[in-house]
Structures are given as C-alpha cells and as structure tokens.
Amino acid sequence: MLLLTGKQAKQFDTYTQDKIGIPGLVLMERAALSIAERVQQLISSDDKRFRTGRVIAVAGMGNNGADAVAAARILHQRNVNVFVVLVGDRNHATDSMERQLSVAEKLYIPMKEIGPGESDIPDNFVGSEIEYDVMIDGLFGVGLSRRVEGIYKTVIEKMNQSFAYKIAVDVPSGIDSDTGKVMGVAVKCNETVTFSFMKYGLVVDEGRECAGDITISEIGIEVPVGEEEFEEKDREHTEKEFIYRAIPDRIYRALLPSRYQNSNKGTYGKVLIVAGNDEIYGAAYLSGAAAYKSGAGLVKMFTAGVNKDNLMKMLPEAMISCYEAGSSLTEEEIKKLRASISWADVIAVGPGLGTDEKAAEILGEVIRSGNRDKVLIMDADAINICSGEEKENADGKALYGPGLLFEAGMNYKGNVVITPHIAEMARLTRRLEIDTENMTRAEIAYTIAEKFGITVVLKDARTHVVSAETGRTVYVNLTGNSGMSTGGSGDVLTGILAAILAMSGQTVKYPGAFLQTVALSVMLHGKAGDVARDLKGEYSMLAGDIIDGLEKVMQC
C-alpha cells in the first residue's frame with residue numbers, strides 16, 4: 001500500500017477533483033461523515049469516558065478545519081451536543097471553509113472565534129466549566145510546512161492539557177506529514193482518521209506517537225495513473241519524491257514463497273551462513289535457526305571450529321563447516337569456503353564474525369567467490385569491515401573499506417543486501433564522507449543503494465528498504481515493537497532474509513520483486529516480534545522468542 005507524503009496527498013486530491021471530476025465538497029462531505037460516525041461510535045459506547053456525550057471541534061481556517069466544521073455540523077444534525085472553536089483570521093479562510101461556516105451558522109451551531117492576536121485562552125476554549133468527552137483536531141492538515149507559533153502554539157498546548165479523547169482529522173496538528181517531525185508543538189491524539197491513503201508522517205518519528213490508533217477512511221481519492229497526469233509545475237518535483245510503500249498485513253501470506261506437495265529439501269533453497277568466531281557462536285545459531293524456522297530447505301554454517309559442538313547440539317539440522325584458530329585461513333579452509341559458496345543459493349555473512357584481519361579475509365573470499373546466480377546478505381561485522389579504513393591484502397585486493405561493497409555489487413550483479421542499523425550506517429557514511437545531517441533515513445539508504453548498486457535495509461524503529469534497481473521506491477516496515485531492541489534480533493532478521501530469498505528462487509529476478517521480497521522478510525521479522533511481545537512482554541522478550549514467533553507468522 002502507498003504511504004503518501006503531504007505533497008503527494010495534495011497532488012492526488014487535485015487530480016481527483018480536476019482530472020476525475022469529483023467535486024472537492026463531495027470529498028469533504030465523505031471525510032466529515034467518517035469523522036462524525038467515529039465520534040458517534042465513541043459517545044454511544046458504554047465507556048464511561050464518554051458519559052456526557054459533549055464534543056468540541058477545534059478548526060483552523062484551511063480545508064482541514066472545514067472537514068472538522070462539517071463533521072460538527074453532521075453531529076449537530078444528529079442531536080449531539082457539539083461546540084466549534086475557530087482559530088485564526090477568518091479573512092484568510094479557504095473557500096471550502098467559508099462554505100462550511102456559512103452552513104454551520106445557518107444551523108445555529110455554537111461557535112467561538114479565537115483571533116490570531118489573542119493570547120489569553122480559557123482552558124476549555126469557551127470560558128465556562130463545561131468539560132468535553134471528545135475533541136476533534138482540525139487545526140492543521142497535511143499542508144503544514146512551518147513551525148507552529150503564536151496563538152496556534154498556545155491552542156495546541158491547551159488541547160494537550162485537556163482530558164478529552166482526541167481524534168485528528170487526517171494528520172495530528174503540528175506534525176509534518178512529509179517527515180513525521182513535530183513542527184514546534186503537536187496535538188497528542190488518541191486516534192487519527194486519515195483519508196484514502198496512509199500518510200508517511202503518521203508512521204515515523206513523533207508522528208507515530210502523536211497519531212495514536214490510525215484508521216484509513218476511503219473517501220474516493222484516486223491515484224494518478226502516470227506522470228503525465230500531473231501539472232507541468234509538479235513533474236520535476238514528483239520525479240524527486242520518494243514513493244513510500246508498506247506491505248499490508250492482510251496480504252502478506254499471499255506473498256510468501258509457495259510450498260509444494262511434490263517437493264524435497266532442495267526445493268526450498270540452500271542457505272550458507274558465514275558467522276561466529278572464536279568467542280561468539282550465538283549469532284550463528286540465531287541466524288541459522290531463523291532460516292530453518294522461516295522455511296529454508298537446507299542451512300549450512302561456516303564458522304570457527306570451537307563453535308561446532310555447541311551448534312551441533314543447539315541446531316542439529318544444520319550442516320557445519322569450520323576453520324581453525326590461526327591468523328589466516330589455510331588453503332584447505334579456503335577450498336571449503338569456496339565449495340560452500342558454490343553450493344549455496346544465498347550467502348549471509350557477518351553476524352558475530354568479528355573485524356580482525358582473518359574475518360576480513362573471510363568476507364573478501366565470500367565477496368569474490370560469488371556470481372550473478374547467487375544472493376549475498378551482509379550484516380553486522382561484514383558492514384563494519386566495509387566501514388573500516390581502506391587496507392589491501394598481500395595480493396593488492398581490498399581487505400577493509402568501501403571498496404568491498406563495490407566488489408560485492410559487481411560480482412553478485414546487484415543481488416546484494418546490506419542490513420545496517422543506524423550506528424553501522426553512520427560509520428559507513430562517515431567513511432564515505434557523506435554529510436547526512438540534513439538527510440532523512442530514506443535519503444541515506446537511497447544514497448548508499450545507488451552508490452553501490454545494492455539493496456539497503458536501514459534498521460530502526462521504522463525500517464526503510466531501498467534498492468538501486470527500483471530507484472526512489474522505499475518500503476517502510478510497519479510491524480515490530482520496542483521489545484525487539486535486544487541483542488541478537490538483527491541476527492534473526494539475517495536468517496529470515498536468507499531463507500525467504502532462497503525459497504523465492506528465480507521469482508526475485510523480476511523487476512521490483514527482489515525489493516518486495518526483502519521488504520516482506522523485514523515485515524515477517526517484525527510480525528514474529530509482535531507475537532513474541534504478546535507472549536513475553538516487551539521488557540522480557542529475547543531474540544530467541546522472535547524465532548519462536550515465526551511458527552505462527554509462517555502459517556499459511
């Protein structure tokens with residue numbers, strides 16, 4: 001599904017009115033009706049919070065405010081006790097707002113105006129002791145582009161002090177719908193009713209916190225079918241916009257790789273996990289176990305020999321190939337690694353690998369032994385090695401530094417996924433001397449994906465997935481929770497990614513399919529984390545609990 005920025009939402013709205021021919025007042029009436037019906041559900045419920053049934057609508061002078069006034073009018077006509085507070089200079093009201101106000105006044109809906117020059121505002125906006133159960137936030141919409149100040153700032157602060165249940169119209173006032181950032185101050189809502197499409201600013205950063213529960217109400221806004229549908233002045237801007245997408249929960253099972261009755265373990269892909277070192281084996285286990293739980297047919301590990309016994313006990317299903325202690329790989333160990341790479345469909349390298357020169361040598365072998373028929377996933381220490389100061393081995397090949405990423409992109413013909421968290425990405429961009437201070441996560445991920453011809457999974461509270469193949473299309477993951485902020489969670493994601501890509505086989509070769517498959521894997525990781533949260537709680541869950549959660553998530 002699409003996640004629209006504020007600019008895109010306005011473009012879609014204009015297209016629907018001007019090209020499709022649906023009048024703006026029709027769209028507004030549908031939007032207002034959806035708000036009014038939601039409010040009526042609340043005040044008609046048995047919840048004691050809504051015992052008085054009183055509703056207040058706080059409206060600015062734009063079209064968002066017009067939606068709120070129209071919703072108040074519908075409620076008034078249904079005999080709901082509703083009051084409207086108008087904030088701002090009425091001389092600056094939009095045409096739609098003037099129409100809605102004219103109708104509201106003819107119906108004698110009680111209203112109070114707070115002009116831009118006022119500073120002393122009663123706590124409940126009307127100067128009486130009346131308390132309201134529900135507050136409709138229609139102060140600003142998706143068009144907010146500057147910091148909230150003056151009377152508007154004061155009003156929002158008063159709104160946040162109210163105990164009323166707050167419902168935002170489209171976007172909580174004060175939230176930048178393009179970024180999710182607070183523009184100085186924002187209304188903290190219990191829920192948001194947004195129209196036709198999810199807005200990107202509702203699911204990231206502070207927007208996620210201020211939006212509360214989100215409902216998408218279909219009001220009839222249409223999607224432009226091509227670039228030619230935009231006005232000439234918008235086309236250059238549109239080409240530079242990111243297209244944000246998310247995989248809807250209702251369809252993810254349909255996107256899972258198929259299972260067949262007439263199949264064997266080779267049907268579902270061969271995964272090689274190059275992970276662990278002399279001191280760490282847990283990361284290798286978590287990646288391997290997650291790969292099997294996600295449906296991979298065969299999993300093999302290449303790891304330090306001291307890990308073998310533990311891994312065989314913990315994950316007896318996996319095959320294990322080892323290297324022994326020493327400053328570098330022996331010729332025999334190099335042969336074993338190359339043979340394992342040749343055997344695999346997907347190679348995942350990095351979890352618990354370390355960053356010493358032996359680890360760097362292993363990573364170099366993985367990168368240089370690949371080809372276009374395989375997929376390479378680079379996580380954790382593999383990324384840190386690529387972020388290190390440039391250094392060559394005795395053969396003149398890159399041992400550390402971003403040059404390894406260039407080689408990976410070339411050897412695997414773009415079938416490369418890197419999965420940095422924010423700190424790992426910061427180290428990489430510093431090494432590349434990229435100034436990220438004023439860049440969004442999407443811009444950072446896109447810059448790296450385009451530079452190396454790879455796919456980037458930038459892990460955060462809202463993970464962003466970008467591929468050089470598909471340009472400025474960005475998948476945003478909407479699953480997961482704070483309990484996943486625990487050691488080993490990223491290793492589990494690596495295993496899920498490896499399994500889903502291995503099972504997908506040749507289907508990921510179609511344009512856009514590779515990016516979607518990676519995004520699906522990230523979603524599965526988050527959903528498994530949500531299952532673990534429900535069982536263990538966000539404080540107590542461990543990475544292994546996420547693996548257990550896959551059992552429910554992967555049921556078809």
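So, pLDDT is the predictor's confidence in each residue, on a scale from 0 to 100. For our protein chain the mean pLDDT is 94, and 95% of the residues reach 70 or more.

Some ground rules, then. This is a predicted model, so local features need pLDDT of at least 70, side-chain atom pairs count only at pLDDT 80 or more, and totals for chains, interfaces and linings use all residues. Residues are numbered from 1 along each chain as its sequence is written, and side-chain values use heavy atoms, with hydrogens and water left out.

Where does pLDDT stay under 50? Over residues 232-237, and there the model has six contacts beyond four places in sequence, a contact being heavy atoms within 4.5 Å. Where pLDDT is low, the predicted coordinates should not be read in detail.

Okay, salt bridges. By that I mean a side-chain nitrogen of Lys or Arg within 4 Å of a carboxyl oxygen of Asp or Glu. How many salt bridges does the structure hold? There are 21.

Let me show you one of them: the side chains of Glu 37 and Arg 78 meet with N to O at 3.9 Å. This pair links distant parts of the chain, 41 residues apart: Glu 37 sits in helix H2 (residues 24-43), and Arg 78 is in the loop between helix H3 (63-77) and strand E3 (82-87). When I say helix or strand, I'm talking about DSSP runs numbered from the N terminus, with helices being H or I of at least four residues and strands being E of at least two.

Are these two buried or exposed? In between, as it turns out: Glu 37 is partly exposed, with a relative accessible area of 39%, and Arg 78 is partly exposed too, at 35%. The cut-offs here are under 20% relative accessible area for buried, over 50% for exposed, and partly exposed in between, with a 1.4 Å probe and protein chains only.

Next, Asp 205 and Lys 181 form a salt bridge, and their closest N and O atoms are 3.7 Å apart. Asp 205 lies in helix H6 (residues 205-211) and Lys 181 in the loop between strand E6 (165-169) and strand E7 (191-195), so this pair ties together parts that are 24 residues apart in sequence. Asp 205 is partly exposed at 29%, and Lys 181 is partly exposed at 40%.

There's a network as well: Arg 90, Glu 98, Glu 105 and Glu 113 are joined into one by salt bridges that share partners. And Asp 47 pairs up with Arg 49 in a salt bridge, with 2.9 Å between the closest N and O atoms.

On to pockets. Picture a 1 Å grid over the protein atoms alone: a pocket is an open set of points with protein on both sides within 12 Å along at least five of seven lines, while a cavity is a set where a 1.4 Å probe fits but cannot get out, and lining residues have an atom within 4 Å of a point. Grid points are joined across faces, edges and corners, and a volume is the space filled by probe spheres set on the points.

The largest pocket holds about 1,200 Å³ of space. It is lined by 42 residues, and the closest to its centre are Gly 62, Asn 63, Asn 64, Gly 141 and Gly 143. Which helix gives the largest share of that lining? H1, with six residues. The lining splits into 19 nonpolar, 14 polar and nine charged residues. For those classes, Ala, Val, Leu, Ile, Met, Phe, Trp, Tyr, Cys and Pro count as nonpolar, Asp, Glu, Lys and Arg as charged, and the others, Gly among them, as polar.

The second largest pocket has a volume of about 670 Å³. Among its 29 lining residues, Lys 459, Asp 460, Met 484, Ser 485 and Ser 489 lie nearest the centre. H17 gives the most to this lining, with four residues, and by class we get six nonpolar, 15 polar and eight charged.

Last stop, two residues from the inside. Leu 404 is in helix H14 (residues 403-411), and Leu 404 is buried at 0%. Not counting residues up to four places away in sequence, Leu 404 touches several others, including Leu 363, Ile 367 and Arg 368. Val 274, in strand E11 (residues 270-274), is also buried at 0%. With that sequence limit again, Val 274 touches residues including Phe 302, Leu 337 and Ile 347.
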